[in-house]
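Hello,

Please find the structure below. Notes on what was found in it follow.

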Amino acid sequence: VGEMQNGLEMYTSSNVTEVTLTVQGTNRDINKYTASDYSATIDVSNIDSAGWPNLKIITAKPKGSENSKLTILNTNIDSVTVYADYSGEVHVPLSIREGSINKPENYNFSYMLEDGVDSILITGPKTLIEQVSRAEYLLEGEGGQPLKLEQSMVISGFPLNFYNNNGEIISAGKAGEMSSSFIKYDTTSMKVNVSVTTEAPLKVSPLNGSEDCTYDVMISSERATLISDPSVLKTL
């Protein structure tokens, strides 16, 4: 509840999404209300600088229960730690790195960001995003699984990893630590073009040949690189 001072915003990595209350009262009063009728809040109005304040949890009985015998005895936690900071934004270099890939043995592939994109705008707590030196998309399947490549594809809305000036990845972090989850960005309008190719033997067959003439045919390469539908490539 309340607003932080000086234009600060609140970020949290405490992972606390709910509070357990122990309530005392008559069966009639207890059964009259559900868990959603109780509230547990924190007051952020006194936060006036960036940092990690520990805030006491404020509980309240349901509205309309003021004259009942309901009493909140205790909570499973008394306070939560939040992160307060100023909001900032910055453009950082963006690149692609090849991760775990599965593809047929005779297939090759290449990838690039469409339209020559080489940076991305990120927003988040100023103290954190000022540490970010670059962003990277790891080309692999979901959950770290190998990406199955049998055809050309376009990928958008992809996740990014962020690195600091020491080349260290900024991780999701533990409670009470800086977290990459605080960093916001949008890749839905960006496209990574992945082109899959294969090679096949190249043969030359003359058309409308004549038995009365002789000729020599020379080609500069014995193989041709093909880009096609996977169902066609598999027949080669």
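The structure holds three salt bridges, a salt bridge being a side-chain nitrogen of Lys or Arg within 4 Å of a carboxyl oxygen of Asp or Glu. This is a predicted model, in which local features need pLDDT of at least 70 and side-chain atom pairs count only at pLDDT 80 or more, while totals for chains, interfaces and linings use all residues. Residues are numbered from 1 along each chain as its sequence is written, and side-chain values use heavy atoms, with hydrogens and water left out.

One of the salt bridges pairs E136 with R97, with 3.0 Å between the closest N and O atoms. E136 sits in strand β13 (residues 132-139) and R97 in strand β9 (residues 87-98), so this pair ties together parts that are 39 residues apart in sequence. Strands here are DSSP runs of E, at least two residues long, numbered from the N terminus. E136 is buried, at 5% relative accessible area, whereas R97 is partly exposed at 38%. The cut-offs are under 20% for buried, over 50% for exposed and in between for partly exposed (1.4 Å probe, protein chains only).

E136 also forms a salt bridge with R134, the closest N and O atoms being 3.3 Å apart. R134 is partly exposed, with a relative accessible area of 28%. Shared partners join R97, R134 and E136 into one salt-bridge network.

K126 and E130 form another salt bridge, with their closest N and O atoms 2.8 Å apart. K126 is partly exposed at 39% and E130 is exposed at 53% relative accessibility.

Regards

Note on methods: Helix = DSSP H or I, 4+ residues; strand = E, 2+ residues; numbered from the N terminus.
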